[in-house]
Amino acid sequence: MNDIVIQTDKIVKTYASGSNEVHALRGIDLTVQRGEFVAIMGASGSGKSTLMNLLGCLDTPTSGSYSLDGVRVDGLDKNALAAIRNQKLGFVFQGFNLLPRTSAVENVELPLLYDRSGKKRDTQALAVAALTRVGLGDRMDHQPSELSGGQQQRVAIARALVTEPALVLADEPTGNLDTRTSTEVMALFQELNEQGITIVLVTHEHDIAVYAKRIVEVRDGRIRRDEPVKNRRSAMDDLQQEERSAA
Amino acid sequence: MRTRTLIKVATASIQKNRMRAALTMLGIIIGVAAVIVMVAVGYGARTRIREQINNLGTNMIVITPGASTQGGVSQGAQAFPNLSLKDVDKIRNESQYVSAISPVIVSRTAVIGPAGNWRTTINGVDTDYQIIRDWQPSSGDFFSADDVRSTRKVAVLGNTVAQNLFPGQDPVGTDIQIRNAVYRVVGVLSVKGQNASGNDSDDVVLIPYTTASTALSGRSFIPQILASTSNSQDIAPAEDEITSILREAHKTDGTNDDFTVKNQNDLAQTAASSTNVMTMLLAAIASISLLVGGIGIMNIMLVSVTERTREIGIRMAIGARGSDVLTQFLVESVVMGILGGIAGLALGVISAKLVGHFTGWETTISPVIMAVAVAFSGAVGIFFGYYPARKAAALNPIQALRYE
């Protein structure tokens, strides 16, 4: 076990847009230890989405190096990246990105079906366990259209967890949710982090970022701020407080 | 992904778009059904033709005048009165292989009986005719050699003629009128049914050829001579023998023959060539339909890839390789092809049975043809599914995930 989950060294990403070059990332050095809960913040155009794509092994840097869970990722080919995504990463997206007309348990099972490591595992049982872990044990056979937004995001989180990844990457996971549901989802993330899961969260909302342990702010393709969260909030406490005030 | 999972994923996505998948498969369904019907009906038609040719008579040889070339111009059969009774006698006397021979003097005229009149074909023939055509009377007798020698006015009626002139009665022993002359009915022939060209074989009256040439046609030439051998091995030598006898009699040498000798195999081939045309036509329809069906699959798969761009993005993000996505879409189009093939097979078998039911043809479909048809539709699925599947596999996961 490697204790450093993310280690990037002067990551640069340049896009060719017509005749101009767009410098999306101008050299990012970021290290994330196992068990951290990092919020990456930044306005649109700051380069945080590009960073997210690189950290998620969906894209490769123009220069610089990136190691994920002790594996050098830059320079790997498409198929190797697919395998890394499958085994070391769990994604949670803003738009949930569940397969429509497919039951919750089948959605959660999906990453296991692409596992080439050859471990013969009972994929269905693991999917059931992951759904139970996010509190949806009674919604196994529901299709996404039969679930609320919060529930859909829980299914997506279960899908991210089912492969026991080294890192869960959440891209604006609360962007499509109302305040209360957002807090619920953040409570779940905090709970999972307590259990030792490393989480990197991309958000532009400060209210959400304060549930993380560390905030990394990106601006113009560089890290502007990287500090622990002062006055860290507990989403569970917020929920209970809200209930009390409602009563 | 394991094969079972792949097939499950493919069939699941087809199930989610049932109506669309069914419409997409329609081209394949029609194509395969056409192939099945084509094969079944083709087989039935060939069997039927074989039966009908055998029905003509056993080991029969047909000699017709004409089909010669004169000055480089091919003359149609019967353009010239080239066969005579002398030819018949000569073949009968000189041939070793021919066991029965009869001239056929054809005329069409009305026959008057007690229940009205009936326009039919009058064939002037010899007594051997019943051997050559393997055609026995069901009532009464065939006329005798003595009747032929004596130019008697006697007639044997085909079943259709008998039923029209003597409904519900046995005409044997009664009289009929042919061209103002009275003929005594001596027999009624057994039912023969349709011949290869679809005409009613039983719509005929047989009279002695001697009587026909004097009383009816007044002409000495013969439009057709029928001969037969006692067994099928003799047919080929008999044909050669007849040809050389007639060449000697007509003083021709093979370049200017004024007669044609054919056996029933030749007739069968002629008839078969017409069914071959039909088979080719159905094959053309089938292949066009399969082509269009394949294009339909390609079209709908392209739509499906575009529609499911986001799904492809999700799958890639969670670890699907390009090859996984390619296989998924390829399996989907193959499953669609095979399902279409199976549905087409069912439709084809039912149609073939219906055709068989209404035509009375024997429509048998071999399991090999069925397997080939289904396998081929699967191949169509692979061929036309490959391009859309490759397009899906080549998608960039980031852009695919962002696709709305």
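Trainee: How many residues are in the largest nonpolar core, and which have the most contacts inside it?
Mentor: The largest nonpolar core has 129 residues, and A:I40, A:V108, A:L131, A:A158 and B:I36 are those with the most contacts inside it. A nonpolar core here is a set of buried Ala, Val, Leu, Ile, Met, Phe, Trp, Tyr and Cys residues joined through C-beta atoms within 7 Å. A residue is buried if 20 or more other C-beta atoms lie within 10 Å of its own, exposed if 12 or fewer, and partly exposed in between, with C-beta atoms placed from the backbone. Keep in mind that this is a predicted model, in which local features need pLDDT of at least 70 and side-chain atom pairs count only at pLDDT 80 or more, while totals for chains, interfaces and linings use all residues. As for names, residues are numbered from 1 along each chain as its sequence is written, and chains are lettered from A and ligands numbered from 1 in the order in which they are written.

Trainee: Switching to B:V335, where is it, and is it buried or exposed?
Mentor: B:V335 is found in helix 11 of chain B (residues 322-359), and because 21 other C-beta atoms lie within 10 Å, B:V335 is buried. Not counting residues up to four places away in sequence, B:V335 touches B:I7, B:A10, B:T11 and B:I14. By contrast, the C-alpha atoms of B:V335 and B:R247, which are 88 residues apart along the chain, are separated by 66 Å.

Trainee: Is chain B spread out or compact?
Mentor: Chain B has 13 helices and 12 strands. Its radius of gyration, 33 Å, is well over the 22 Å that the globule rule gives for 404 residues, so chain B is more spread out than a compact globule; that radius is taken over C-alpha atoms, and the rule is 2.2 Å times the number of residues to the power 0.38. Along its principal axes, the C-alpha trace of chain B spans about 105 × 55 × 35 Å.

Trainee: What are the domains of chain B, and how far apart are their centres?
Mentor: The assignment gives domain 1 (3-51 + 270-402) and domain 2 (83-89 + 98-226), with bounds that come from an automatic or database domain assignment. The C-alpha centres of the two domains of chain B lie 57 Å apart.

Trainee: Where is confidence lowest in chain B?
Mentor: Confidence in chain B is lowest in strand 2 (residues 69-70), at a mean pLDDT of 48, and highest in helix 10 (residues 309-317), at 93; pLDDT is the predictor's confidence in each residue, from 0 to 100. Over residues 68-72 of chain B the pLDDT is below 50, and beyond near neighbours in sequence this stretch has eight contacts in the model. Chain B as a whole averages 84, with 92% of the residues scoring at least 70, and the predictor gives the complex an ipTM of 0.93 and a pTM of 0.71.

Trainee: How many residues does each chain bring to the contact?
Mentor: Chain A brings 17 residues and chain B brings 17 residues. On the side of chain A that touches chain B, helix 2 (78-88) and helix 3 (104-113) are the elements that give two or more residues, and helix 2 gives the most, with six residues.

Trainee: What covers the buried residues of helix 3 of chain A?
Mentor: The cover includes helix 2, helix 4 (123-133) and helix 5 (149-161) of chain A together with helix 1 (3-16) of chain B. Since 10 of the 10 residues of helix 3 of chain A are buried, this helix is largely enclosed by the rest of the structure.

Trainee: Last one, what is the phi of A:C57?
Mentor: A:C57 has a positive phi of about 60° although it is not a glycine, and A:C57 sits in the loop between helix 1 (48-55) and strand 4 (63-68) of chain A. With 27 C-beta neighbours inside 10 Å, A:C57 counts as buried.

Definitions and conventions:
Helices (H or I, at least four residues) and strands (E, at least two) are DSSP runs, numbered from the N terminus. Two residues are in contact if their C-beta atoms, placed from the backbone, lie within 7 Å.
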